[in-house]
Amino acid sequence: MALGERLNFFRRKCNLTMNALGRMLGFDPKSADVRISQYEKDAKMPKEELIHSMADVLGISPMALKLPNIDSYDALMHTLFALEDIYGLTVSEEDGKVSLYLNPEVSKPGGTLSAYFLSWAKQKDKLMNGEISLDQYDDWRYNFPKDDDSVIRAKAISPQLSDDLLQGLASGELTIQEAPKKRKTRKNFERKGMPGQSEE
């Protein structure tokens, strides 16, 4: 999904016209709607600083605007495959229902990603049980991880590095390999002082 589509989605969610959003970003009122239209149609790509300004005005995280390519089912599948390779996201089927979950051998229980997923599940349960509104749920999602106290913050890799890794995996230029196993070395123990052995 391109940035323009997400920008359009969040602008409409905030009930803003293109001109209003453009003016809030400091654009000339006469051309504000044209500028926003160019970004929403992906005719122009906003610079990083402008993306952050857009996110601030829309009340969301900049990461909510910048998503990988999921414009087609094929692209979505390759995004999921990359998530499987990098983060251990995997799939299973039971009684005709498909589930995505974290492979505990890759994303350790209690780790940051596992905690993030559990936090998401809790928020979804609150929504389904009527404890929070859809607006509150959306606010949590689109500002994540801000204001989410249930997880410990971990410094994520930069968006550029993340994009490069995903692109490298998708193109086959990068592969995931197991780290080489450490060779076991023999330790020379003196009989004296070894546990369980009596001194002669």
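I began with direction: α7 and α8 are roughly antiparallel to each other, which means an angle over 145 degrees. Their axes cross at roughly 165° and come within 9 Å. I took axes as lines fitted to C-alpha atoms, for helices over the stretch in contact, with angles from 0 to 180 degrees between N-to-C directions. α7 passes α8 in a left-handed crossing (the near helix is turned anticlockwise from the far one by less than a right angle).

On provenance, this is a predicted model, where local features need pLDDT of at least 70, side-chain atom pairs count only at pLDDT 80 or more, and totals for chains, interfaces and linings use all residues. Residues are numbered from 1 along each chain as its sequence is written, and side-chain values use heavy atoms, with hydrogens and water left out.

Next I listed the contacts (heavy atoms within 4.5 Å). From α7, S119, W120, Q123, K124 and L127 meet L134, Y137 and W140 of α8. By class, this contact has 5 nonpolar, 2 polar and 1 charged residues.

Then I checked burial (under 20% relative accessible area, 1.4 Å probe, protein chains only). In α7, S114, Y116, S119, Q123 and L127 are buried. They pack against β2 (97–102) and α8. In α8 (residues 134–143), the buried residues are Y137, D138, W140, Y142 and N143. Those pack against α1 (3–13), α5 (62–65) and α7 (112–128).

Last, I looked just after α7: G130 takes a positive phi of about 80° there.

How values were computed:
Buried < 20%, exposed > 50% of the residue type's maximum accessible area, 1.4 Å probe, protein only. Helix = DSSP H or I, 4+ residues; strand = E, 2+ residues; numbered from the N terminus. Parallel < 35°, antiparallel > 145°, perpendicular 65-115°, else oblique. Nonpolar A, V, L, I, M, F, W, Y, C, P; charged D, E, K, R; others polar.
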